[in-house]
Amino acid sequence: MNNKDDSNGFSRRRFLKLAGGGAAFAAASGLVPTPLRRILPVSEALAAASPFPTDADLFWAGTDGWISLPTSPAIGFYHPDSAAPPPFTTYIFGFRNITRHSKDLTNSATLINKQKMKAQASAPLFWLDEYDPVTNPKDFKMDLTNLGMQQRPDLFDSHTIHWHGFRNVIPLFDGEPTGSIGVPPGGKWFRYIFRPRDPGTYMYHCHVEDVEHVHMGMTGLVFVRPKQNGNMALYPSGKYAYNDGNGSTGYDREFALLLTEVWAEAHWDDAHIQLPDWTDYRADFGLINGRTYPDTLAPNSPYKISTSTHAVDYNIDANGDLPNTGNLQYQPLSSLVECNAGERVLLRLVNLGFREAAMTLEGGRVRVVGKDATPMRGRDGTDTSYETSTLQFGAGESIDAIFTAPNVTSVTTFVLYNRNFEHANNLAGGFGGQRTEIRVYPPGTNAAQQVPNQTSQDTTVA
Amino acid sequence: MNTQENFQRKTSAWPTLAAAIGLLCGASQAWAALPKVGVACTSGGPNPTFNLDTAIGNIPMPDGNSIFMWSYALTGQPFQTPGPVLCVNEGDTVTIVLHNKLAEPASIMFPGQENVTVGGQPVQPEITGTTITSLTNSAVPNGTVSYTFTASKPGTYIYESGTNPEKQVRMGLHGALIVRPTLGADYLFDRSDSRFTTTANSGTATPWNEEFMVLLSEIDPYQHQAEESGVYSFYDITQYRPRYWQLNGRGFPDAIADNAASWLPNQPYGALARVHPVDASHPYPGAIRYLNVGSLDYPFHPHGNNGLVIGRDGRPLAGPGGQDLSFEKFVVNVGPGQTWDVIFKWYDAENYSASNPVPMALPDPANLSYLDFYSGSPYLGQQGTLPPGITTVNQCGEFFIISHNHSLFQLNSWGLTMSGPATYMRVDPPLAAQGLNGILTCTY
């Protein structure tokens, strides 16, 4: 969470001051302290044969990119960003899932390198099965590389994956760079090994300069499926949030909803070699899964179901890019919730904004069955779950809540929105976005869900 | 703020860091008796009387700024922020005499204590005309007021000013009160499941208490400057905006310096949580007493070790029949005016060691980046090779695992990043393993 460059007594911003701006970087390279000189521009490093492993369970790349937020109302000269290539508005840092790219044995380095400047918001959703030394003794291999920042070639920030909430992890795999390691740009990579022993809903983010990297978009949701899954005796679907022993956390469909915020000035500053005073922070936009309402209701980007085993495997084009869906090309994850009457829907909610959220369900209630990847039970087993219509949770917290769909005979919509109203609605001119819908269909309308957040609106390849 | 100011703030912090990572240097004379880490009690024997002054001083900010503060201080002792950690035992009759050295009335409230009296009468708000001028009995300038209560319920409590609290609490008139249970000083409550690690129960030879305090606060520098400059009436409280957030009255990295660090003469309380892994000879958890004297929820995130919240606001989380209502959290979201009592256990879930190595090939060290606290080795008690030019403060292969406020914009000091409420859990190798089989020996 520290600033690597600061720790060398030499901040990158100070360097910019001395060098008179990013354009002077090469000329001033004699000022770069010794430990940093070895970091080469990424294109040079990747020109050689692929340095990347091909056996990762998941492989992420950290880089920068552009996304689209509502252009009206404009925010000073910060939003929309005049440097943004159409149809985009806002500069981000982020991750991309390059697992498929890494397994192209003849072309992986080229395909991976082309994802520079193609970050997505939110960071890719992923999920694992609970580790068990007997029944699932799998060392989950998650690789990370750092493609550098195309808009900010002066930045040589490292990246990490910090799995927020992972219990009793050694520093090597915690991703917090002051007590551990970071992955610098230049074709370097690192392998995180995860043995997730505790089911539930978590989040992950880059922890390098985390105020900036988290806010700029290197934030995603991760969850762990319990080993009770597959037991049809406790709940017919055999799907559970936790190893509850009684089916109380059983569900039919699951939807991951990651709340984040965008302060337009900070994003503009990073695109234009400026630095905000973070204590001026304000949330101009509230986002769910990287989108603002009504974009939250748009379908997921097209994906392949059979290979979406630990993350949504979006279709990619010949350059390895995300499918061109227009302004939401780099915001591929939908927040639309669909279900059939009578079904249980698990909402996996995470807040990685910097403010409290109060997500409210209009016309219905949910049961909170877990918080912070912990079932709602005391040490002696006392049930502490509860029903509510407003889920209040702060920065870095997660909630597992089950919505039981009523027995409707026609499509019925329930609105889920942040009761911080100006963060809920862009259509009315506010800085909104944290609003989505739960649509309940008559029994049997929707086929069984195969991938988290899957809805009938999606274009999928089997 | 323009970037020039920012640059100055960034660079000005480094002398502070250099001092803090020196750790364990001399102690300020006034606080010489405090333990190096952990809760540093001011105790007064059975049925104690504490004499507190309101005091005035300045403290340094991580960005080099100097902030004018008020505090409670023990009579005869210097200004300190936060106020002294007052530790009493369940059942004690506690008397606290406030000697007001400010130019305006001041007072102390004891939220969570019942039957607080002044002069034998229950404390009452002070009303002038139709306006409440103090939420409790106050002392006039150069006057005194004596509060008495029976500490009937064990737990963690705040004490703070009840007079113009929107000014005085924020100026620094706040502190922690700990009531230890009858069951024993190594319990948080009168419940057997609230025991935490101390010298007596962990087989350690060194004085060793894994009981820590995280007191969260905030500073709007304009409010403090207005008071310092004698123009407080011009301060517009509707423009209140904190620019500094603190942990035990310190920013980062001051927060990881020892209690009573000599270079922080008026900020005696560190927040480093130094622990040994939980194992058979060290079976009990560590304890953290969280207090929030600020205005917003502070979502505090301890990495790699969830907090089990077993009490709030001086009461155990228990049902009417003693049912356990505790809950485990990876973010301890302490609300304004709340206290949360949390226990935690650190152990390596995978028992990685040189003989049970991590199941991946470690990259060439030159292909990674490093910061100040890494040992160079994945394994507790071991150090590895770091590339030339990389420095580390790592002493004996210990782990430094961070804890910080996750409302991340608050990790800043008016533009200086990574200087707000953050600290480390420092995990030392098990004492019995040190010096054996390649495990390094730590100094204490």
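Modeller: Happy to, and remember that this is a predicted model. Let's begin with a loop in chain B.

Biologist: Which loop of chain B holds Met418(B)?

Modeller: Met418(B) is a residue other than glycine with a positive phi, near 50°. Most residues other than glycine have a negative phi. As for its place in the chain, Met418(B) sits in the loop between S26 and strand S27 (422-427) of chain B.

Biologist: Which residue in S25(B) is the bridge partner of Gly182(A)?

Modeller: Strand S6 of chain A covers residues 181-182 and is joined to S25(B) by 2 bridges, with the strands running antiparallel. Within S25(B), the partner of Gly182(A) is Ser369(B).

Biologist: How much area do chain B and chain A bury between them?

Modeller: The contact involves 74 residues of chain B and 77 residues of chain A. Carbon and sulfur atoms carry 57% of the buried area, and the total is about 6500 Å².

Biologist: Which three residues supply more of the area that chain B buries against chain A than any other three?

Modeller: Together they supply 12% of the area that chain B buries against chain A. The three are Phe330(B), Leu371(B) and Phe409(B).

Biologist: Which residue of chain B meets Arg167(A) in a salt bridge?

Modeller: Across the interface of chain B and chain A, the rule finds 8 salt bridges. In one of them the N to O distance is 2.8 Å, and the side chain that Arg167(A) meets there belongs to Glu328(B).

Biologist: Which element gives the most residues to the side of chain B that touches chain A?

Modeller: Several elements of chain B supply at least two residues each, among them strand S19 (298-302) and helix H1 (3-12). The one that gives the most, with 6 residues, is H1(B).

Biologist: What is the omega of the peptide bond from Thr81(B) to Pro82(B)?

Modeller: Pro82(B) is in the loop between strand S3 (66-74) and strand S4 (85-89) of chain B. Most peptide bonds are trans. The bond from Thr81(B) to Pro82(B) is cis, with omega near -10°.

Notes:
Residues numbered from 1 in each chain as written. Chains lettered and ligands numbered in written order. Predicted model: local features only at pLDDT ≥ 70, side-chain atom pairs only at ≥ 80, totals over all residues. Heavy atoms only, no water. Contact = heavy atoms within 4.5 Å. Buried area = accessible area lost by both parts, 1.4 Å probe. Salt bridge = Lys/Arg side-chain N within 4 Å of Asp/Glu carboxyl O. Helix = DSSP H or I, 4+ residues; strand = E, 2+ residues; numbered from the N terminus. Pairing = 2+ DSSP bridges.
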